[in-house]
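I opened a new model today and made notes as I went. Here is what I looked up.

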Amino acid sequence: MITASNQKPGGQMKRACMLAAVAVAVALTTAVVFADQEQSTGVIFARSRTVKYSPLTPGVLSYVAWGDTAKGPFGGFTKFRPGFDAGMHTHTADVLLVVLRGAYLYRDDAGAKRVGPGDFLRIPGGHKHWSGGDRKEGALFYQETFGKFDLIPVK
């Protein structure tokens, strides 16, 4: 049993935040699957460490767990190589993500965020932002969209 005397400070809060982020991701996945009548109704299970990733663009690997990135909605894992730079861009649909390892780096007109393991980020469709991977670790994250996935460069 873990007690307050043998637990690291903030450990309980960090664990609660991680569980909350995972719960949000699961709830969103469930909502999207039920909203899309063409989606399979079977259980989906994927291990981020053992799935077969495919190159998406230089520096980015992807695994689609459900849905269709070209038509949307979809959910799956994405890996950014260390130091990956996606440049300033927008997406047509909202993008929701939960970081699993490393750090997803995010910046918009309001400032920069380092989105680490257990952290959740929602990027509204049409919102101009920059994203990239941590210089040492890159990033591994689960992401979902309610529509097709695209990346529209901003000049």
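I began with a term: strands are DSSP runs of at least two residues, numbered from the N terminus. Two strands pair if DSSP finds at least two bridges between them. I also noted that this is a predicted model.

**Entry on the sheet**

I traced an open sheet of five strands. I read its order as β7-β6-β9-β4-β11, and the pairing is antiparallel. Which are the edge strands? I found β7 (111-115) and β11 (152-153), and each pairs on one side only.

Next I checked how β4 meets β11. Strand β4 covers residues 85-90, and two bridges join β4 to β11. The two run antiparallel. Across from P153 in β11 I found H89. I reminded myself that strands of a sheet pair through backbone hydrogen bonds.

**Entry on a peptide bond**

I looked up the bond that joins G72 and P73. That peptide bond is cis, with omega about -15 degrees. Most peptide bonds are trans. Where does P73 lie? I located P73 in the loop between β2 (60-67) and β3 (74-80).

I turned to the second largest pocket and noted a volume of about 230 Å³. It is lined by 18 residues. Closest to its centre I listed L56, F80, H91, F149 and L151.

Which strands each supply at least two residues of this lining? I wrote down β1 (54-57), β3, β4, β5 (95-102) and β10 (139-145). I then sorted the lining of this pocket by type: eleven residues are nonpolar, six are polar and one is charged.

Terms used
Residues numbered from 1 in each chain as written. Predicted model: local features only at pLDDT ≥ 70, side-chain atom pairs only at ≥ 80, totals over all residues. Heavy atoms only, no water. Helix = DSSP H or I, 4+ residues; strand = E, 2+ residues; numbered from the N terminus. 1 Å grid on protein atoms, 1.4 Å probe; cavity = no way out; pocket = protein on both sides within 12 Å on 5 of 7 lines; lining within 4 Å. Points joined across faces, edges and corners; volume = space filled by probe spheres on them. Nonpolar A, V, L, I, M, F, W, Y, C, P; charged D, E, K, R; others polar.
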